[in-house]
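Work through the exercises below with the model open. Each task is followed by a stepwise solution.

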Amino acid sequence: MRRDLFAAAAIIAVAERALAAPGAHNGPETEAHRLSARNIVDDIADDYDFVIVGGGLAGLVLGARLSEDANHTVLVLEAGGNGDEFRDRIDIPGDAYYDSLWPTELNWDFYTVPQTGANNTSCEWPRGKVLGGSSAINGLYMNRPGEHELNAWQDLVSDLDGADNWTWDSFYAAMKKSETFTPPVDGVVQEAAITWDASSHGSKGPIHQSYPGYTFPYVGKWSTAAQAAGVPLTNDPYGGQNWGAYVATSAINPTNWTRSYSRSGYLDPLPPRANYAVLANAHVTRILFNSSSPAGNLTAKGVEYTRDGGATKLTVGVKKEVILAGGTIGSPTVLLYSGIGPKDVLSAAGVPIVAELPGVGQHLQDHVSVTVQWTTDNPTAGSLFADNGTETTDPVFLSYVNDAVAYVNASVLFGNKASDLKTSILSQFDQFATSASSDTGVVAGYKAIYDTTANDIFNGPTGLVELLIGNNVDGAIRIGAALQHPFSHGSITINSSNPLDYPVIDPKYLTHPADVQILREGIKLARRIGETEPLSSELKSEDYPGSDVQTDEEWEDWMRGGVFTEFHPSSTCSMLPLDQGGVVDANLRVYGLANVRVADASVPPIAFSAHLMASTYGLAEQASSLIRAYHNKKAPVVTHASSKNSTDGSKNSKATATTSISASTSTSAPSSTSTSTSSASSLNHQPWSFFIVVAALMVSTLVSSI
Ligand SMILES: Cc1cc2nc3c(=O)[nH]c(=O)nc-3n(C[C@H](O)[C@H](O)[C@H](O)COP(=O)(O)OP(=O)(O)OC[C@H]3O[C@@H](n4cnc5c(N)ncnc54)[C@H](O)[C@@H]3O)c2cc1C
């Protein structure tokens, strides 16, 4: 299974083991990376205003933004290393296929429990364990959720104070703030038939959104074939209408063809900041609370962590807030080991209950995938690399990553039978809701998400399935299908009191019959696109599943034996009302805790029809803005279009105390005034940024030598 999974997963950008070692290439920014990162330290102070748990995609955004206020001290604790010895493999986009970081210590290498909906298979779940987190090891696709989905999320929390932070307008502005867009180079525009609208993108943010410098004719044929098979085209999927077929942007720095990720964008370019420290190899084991805190409003006083596999427990004090950014698996796990979570889970694991919060780890949603493969006589990225020619050391060739996608909705998948399926989904509502959990609040949350998915998302233009084509295998082309809005929800729990033990991951793949039908129609459409001109002339014969699989039953049987994650789990610390199994309110505060927030991919209560990097950058930017606004009287935040950014009154009007934690989490606003010395522009891409870093280093060396 593992080999199949690896092979299948390659299409969505993480790949088989190395075929050969590519040559190193150092562009100017790569050099700057290695000279800088001055905020990565080995010794830390006794306490900090903000302690951020997890130095992954979101954690490094938060660290950079919060430390822009010189009046605040900020610490990031990251379980993984700094990744320096793997830097070439991180930096080279194509190495996501040719020299994957999966088999290294940079991968947590989680597995799910056996999946009853998938022939009892345990599925591999890679996650980044390094500064940069999963953004350092992922497939570099950069696309966005749509306006419709964002507004569906906002509707779910509309009664909560702070809900305006999560409107499309606010979120769109936050996503743009994180990025700098560069159009493709001329030859790639023509060959891959790429269209774009620069006005939908950011132009000054830390993360590059661009395109590979190298492409293949099949990419240019993708959208035409998809359209001929019934998928609409889209010219601007980044402006809120994220459906249809298109060539997506990738997180690539086009000035030197390297991966652009949270470390290269948000950490390395920073000048040394006396108020900012990033500690790698620091696994957070639990949050420590002040025992004299009022019940229902516990105050975190510190964080416990280990740097030696648990032999020594260290602590660091927290003066203002703990912000969890450990990702969809890491954040609920830290809460659970801290004694915050469902009573039955904590009791069975032997973890003393600090505060009962039934939603922790619940509402897990993932994009489950399958893929069809054809042989081809045309050169593929995989075959060129395997040939071991000049390409294997060419940074332009090595910038090639798969990027052609299509998001298809119910009417494309089911035509006029879509309404029958919807009726059937609604008729199963009660059956699946009651089996979702033994907790009434979590069940209410499941119902709320189910209702949104069935009545809003399913009916609308948003993609239920993503199709994506890739050619990183030697002699083969694949088209994958991935479910985007699952009705099967799972959980992250623990079954041990040792915080270094891995959590129990159960996404409950394909346990809801509608998921099986939707994914089945998606993979059938993938085959049809491959059999449609102009793409079909690129392909020879179907390798798998092959001509034996034709009927719906045959497709379903085959699917259950071949599913794998698209690497987009979400929603385990869902932003929902407390009485719906919510973990955080609309200001990202954990219910019942005075000074703990979560800000990462675990927060959105619904899955998105998109890869999750762009939305998580947006979420982390938005989180940083609202946290800074709360702690600074004169908040240096970006004004988001039509956003009424809350000052975090922490009023959870809908969160009536139907569960054991009081909904009141209000804390008094601190009185400190911002003395921000460096504005957001310190992270913007400027051609002279390298020289600024060098100058800053020279000044710091000079100062320390005086
Ligand atoms: C193999 C793979 C391929 C993917 N491909 C794409 C893609 O092509 N495009 C896309 O948009 N998205 C992709 N994704 C998804 C995307 O990378 C994630 O959704 C995103 O990185 C989530 O950001 P995050 O900050 O929530 O979590 P992460 O980026 O995973 O960061 C979490 C960090 O917290 C750390 N941590 C966890 N627990 C602890 C602890 N107890 N103590 C200290 N530190 C801790 C982790 O080590 C990690 O560094 C992919 C993901 C993977 C794994």
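Helices (H or I, at least four residues) and strands (E, at least two) are DSSP runs, numbered from the N terminus. Residues are numbered from 1 along each chain as its sequence is written. The model is predicted: local features need pLDDT of at least 70, side-chain atom pairs count only at pLDDT 80 or more, and totals for chains, interfaces and linings use all residues.

**Exercise 1. Locate asparagine 120 and give its phi.**

Step 1. Asparagine 120 sits in the loop between strand S3 (110–111) and strand S4 (124–125).
Step 2. Its phi is near 60°, a positive value in a residue other than glycine.

**Exercise 2. Describe the shell around the ligand.**

Step 1. Count a residue as near if its C-beta atom, placed from the backbone, lies within 6 Å of the molecule. The shell has 40 residues, of which Gly54, Gly56, Gly133, Gly327 and Gly330 come nearest.
Step 2. Assign elements. Helix H3 (57–66), strand S13 (283–289), helix H11 (327–337) and helix H20 (613–631) each supply at least two shell residues.
Step 3. Sort by class: Ala, Val, Leu, Ile, Met, Phe, Trp, Tyr, Cys and Pro are nonpolar, Asp, Glu, Lys and Arg charged, and the others, Gly among them, polar. The shell has 18 nonpolar, 18 polar and four charged residues.

**Exercise 3. Work out how H3 packs on H20.**

Step 1. Take axes as lines fitted to C-alpha atoms, for helices over the stretch in contact, with angles from 0 to 180 degrees between N-to-C directions. The axes of H3 and H20 come within 9 Å and cross at roughly 30°.
Step 2. That makes H3 roughly parallel to H20. The classes are: under 35 degrees roughly parallel, over 145 roughly antiparallel, 65 to 115 roughly perpendicular, the rest oblique.
Step 3. List the contacts, meaning residues whose C-beta atoms, placed from the backbone, lie within 7 Å. H3 contributes Leu57, Ala58, Val61, Leu62, Arg65 and Leu66, and H20 residues including Met613, Tyr617 and Ile627 take part.
Step 4. The contact of H3 with H20 divides into 11 nonpolar, two polar and three charged residues.

**Exercise 4. Is H7 roughly parallel or roughly perpendicular to H20?**

Step 1. The axes of helix H7 (residues 168–177) and H20 come within 8 Å and cross at roughly 100°.
Step 2. The two helices H7 and H20 are therefore roughly perpendicular.
Step 3. Ser170, Phe171, Ala174, Met175 and Lys177 of H7 meet Ala614, Ser615, Tyr617, Gly618, Glu621 and Gln622 of H20.
Step 4. By class, the H7 contact with H20 has five nonpolar, four polar and two charged residues.

**Exercise 5. Where does UniProt place the feature "binding site"?**

Step 1. The unreviewed UniProt entry places it at Val130 and Val284. UniProt positions use the numbering here, feature names are shortened, and annotations may be inferred rather than shown by experiment.
Step 2. The positions span 155 residues in sequence, yet no two of their C-alpha atoms are more than 13.7 Å apart, so they gather at one spot.
Step 3. Valine 130 is in the loop between S4 and strand S5 (141–142).

Technical notes. Contact = placed C-beta atoms within 7 Å.
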